[in-house]
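Here's a quick briefing to go with the structure you have open. Have a look at it before reading on.

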Amino acid sequence: MALSNLDRDLLKRCLAHQAGSWNEFVDRFLGLIYHVISHTAHQRSTPLQPEDVEDLAAEVMVQIIAGDYALLRQFRGQCNLATYLTVVARRICVHELARKHSIHEFQPADDGGLNAIAARRSKRHSESEDREDVEKMLAKLARRERDVVRLALLEGRSYEEVSTELNIPVNSIGAILSRAKKRLRAGKPEAKGEKQPKGTS
């Protein structure tokens, strides 16, 4: 299908940096990009959390506008714009998923050791030893953070499942996990008043 007059005009205005054109572009094609990301991840058997999809969509948009819309300037109009963006988004998504997988496989854990414990569990190490390690780490956190970490990281629940289970807003879970990981790395208790006992071993 050939490039429509609507998309030709939108493309022209974006490349000319006309006010409001980029917002119109995002409104028109962001849903498509989300769909491409989800479909690509499904094809590659790679489960994504909502924030992962958002990050990938943002990366696609960043690459589209990079180099003064270099990707859009390369478009020759031999198909419709949605088809071209589908190809672009899929290529970026595949690259980013491969990169993230490589980082996950080869970089040391940066989340206070939780990933390392999860890996040990998957390799059938002693469950009692792992449970003791986990409980020692989780003891550093307040109850809500502890529950979110246990469900999202150790049990692999989705953000929606964690939200339902704990009755907290789904858009707050990423921030809770981020704070919890920082506290685990720092080795500090979570909240004021939850001080670690002194003189304990």
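Which residues form one aromatic cluster? They are Trp 22, Phe 25, Phe 29 and Tyr 69. Keep in mind that this is a predicted model, with a mean pLDDT of 76 for the chain.

**Aromatic rings**

- A pair of aromatic rings is described by the distance of the centres and the angle of the planes.
- The count here comes to 4 aromatic pairs. One of them is Trp 22 with Phe 25, a stacked pair at 5.0 Å centre to centre and with 10° between the planes.
- Why are Trp 22 and Phe 25 separated by about one helical turn? Because they sit 3 residues apart in helix α2, which covers residues 21-43.
- As for solvent, Trp 22 is partly exposed at 22% relative accessibility, whereas Phe 25 comes out at 0% and counts as buried.
- Then there's the pair Phe 75 and Tyr 84: the ring centres are 4.8 Å apart and the planes meet at 35°, so this pair is tilted. For a pair to be called stacked, the planes have to be under 30 degrees apart.

**Helix α1**

- Which residues of α1 are buried? That would be Asp 7, Leu 10, Leu 11, Arg 13 and Cys 14.
- Looking down the axis of α1, you'd find these buried residues within an arc of 165°, so they line one face of the helix.
- Asn 5 and Lys 12 are exposed, and they sit on the face of α1 turned away from its buried side.
- Just after α1 comes His 17, which takes a positive phi of about 60°.

- Of the chain's residues, 70% reach a pLDDT of 70 or more.
- Where is confidence highest, and where is it lowest? Helix α1 (residues 5-15) has the highest, at a mean of 92, while helix α5 (residues 114-122) has the lowest, at 54.
- Residues 105-109 have pLDDT below 50, and that stretch has 2 contacts in the model beyond near neighbours in sequence.
- Residues 122-130 also have pLDDT below 50, this time with 6 contacts beyond near neighbours in sequence.

How values were computed
Residues numbered from 1 in each chain as written. Predicted model: local features only at pLDDT ≥ 70, side-chain atom pairs only at ≥ 80, totals over all residues. Heavy atoms only, no water. Phe/Tyr/Trp six-rings, centres within 6.5 Å; stacked < 30°, edge-to-face > 60°. Helix = DSSP H or I, 4+ residues; strand = E, 2+ residues; numbered from the N terminus. Buried < 20%, exposed > 50% of the residue type's maximum accessible area, 1.4 Å probe, protein only. pLDDT = per-residue confidence, 0-100. Contact = heavy atoms within 4.5 Å. Arc of directions from axis to C-beta.
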